[in-house]
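Subject: Structure for you to look at

Hello,

Here is the structure I promised to pass on. Please open it beside this email and follow along.

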Amino acid sequence: MTLQEYDYARESPSKLAASCLLLALTMKNLGGWTPTLEYYSGYRSQDLHPLVKRLNFLLTYQPRDKLKAVRTKYSHRVFFEVAKIPPMDMLKLEEKLKSC
């Protein structure tokens, strides 16, 4: 989804990928940012929090009438229907990120 948003073009691809992974882990309650993830990504959890919040905001308040190709693609069962997973409430996300 970030490919369609100019605001994310200035983010480094590795930081964007790490933030997406942290958001996914948080959304699915699969644990937090481990020392192994920190070592191999080069990012501390705290460094990713602002971008994780922006990504969740993008999922929450996206325009539904334009640029539907990505959402349609990832709504298919081949991709485990990940586009249908509801975004996290911003306050709950904030609480979970504080515990990471």
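Start with Gln46, which sits in helix α3. Is Gln46 buried, partly exposed or exposed? Its relative accessible area is 42%, so Gln46 is partly exposed. Now find Thr26, 20 residues from Gln46 along the chain. The C-alpha atoms of these two residues are 14 Å apart.

Keep in mind that this is a predicted model. The average pLDDT of the chain is 90. A score of at least 70 is reached by 96% of the residues. Which elements have the lowest and the highest mean pLDDT? Helix α4 (residues 69–73) has the lowest, at 85. Helix α2 has the highest, at 97. Where pLDDT is low, the predicted coordinates should not be read in detail.

Next, the core. In soluble globular proteins, nonpolar side chains tend to be buried together. Here the largest nonpolar core has 15 residues. Six of them touch the most other members: Tyr8, Leu22, Leu48, Val52, Leu55 and Leu93. Two or more residues come from each of α1 (13–27), α3 (45–60) and α5 (90–99). Helix α3 gives the most, with five residues.

Take a closer look at Val52. Leaving aside residues up to four places away in sequence, Val52 touches Ser19, Leu22, Leu23, Leu93 and Leu97.

Now turn to α1. Does the distance between its ends agree or disagree with the expected span? Helix α1 has 15 residues, and at 1.5 Å a residue they should span 21 Å. The end C-alpha atoms are 21 Å apart, so the two agree. Which residues of α1 are buried? They are Leu16, Ala18, Ser19, Leu22, Leu23, Leu25 and Thr26. Their cover includes α2 (35–41), α3 and α5. Just after α1 comes Asn29, with a positive phi of about 55°.

Step back to the segment before α1, where you will find Glu11. Buried means under 20% relative accessible area. Glu11 has 18%, so Glu11 counts as buried. Glu11 touches Leu51 and Arg54, again without counting residues up to four places away in sequence. Arg54 also lies over the face of Tyr8. The distance from the ring centre is 4.6 Å.

Last, the aromatic rings. How many aromatic pairs does a search of the whole structure find? The search finds three. I describe two of them here.

Phe57 is partly exposed, at 45% relative accessibility. Tyr61 is exposed, with a relative accessible area of 56%.

Another pair is Tyr74 and Phe79. The ring centres are 4.8 Å apart. With planes at 55°, this pair is tilted. Tyr74 is partly exposed, with a relative accessible area of 31%. Phe79 is partly exposed too, also at 31%.

Best wishes

Notes. Residues are numbered from 1 along each chain as its sequence is written. This is a predicted model: local features need pLDDT of at least 70, side-chain atom pairs count only at pLDDT 80 or more; totals for chains, interfaces and linings use all residues. Side-chain values use heavy atoms; hydrogens and water are left out. A nonpolar core is a set of buried Ala, Val, Leu, Ile, Met, Phe, Trp, Tyr and Cys residues joined through side-chain atoms within 4.5 Å. Buried means under 20% relative accessible area, exposed over 50%, partly exposed in between (1.4 Å probe, protein chains only). Helices (H or I, at least four residues) and strands (E, at least two) are DSSP runs, numbered from the N terminus. Contact means heavy atoms within 4.5 Å. Rings of Phe, Tyr and Trp (its six-membered ring) pair if their centres lie within 6.5 Å; planes under 30 degrees apart count as stacked, over 60 as edge-to-face and the rest as tilted. A charge sits over a ring if NZ of Lys or CZ of Arg is within 6 Å of the ring centre and within 35 degrees of the ring normal. The expected span of a helix is 1.5 Å times one less than its number of residues. pLDDT is the predictor's confidence in each residue, from 0 to 100.
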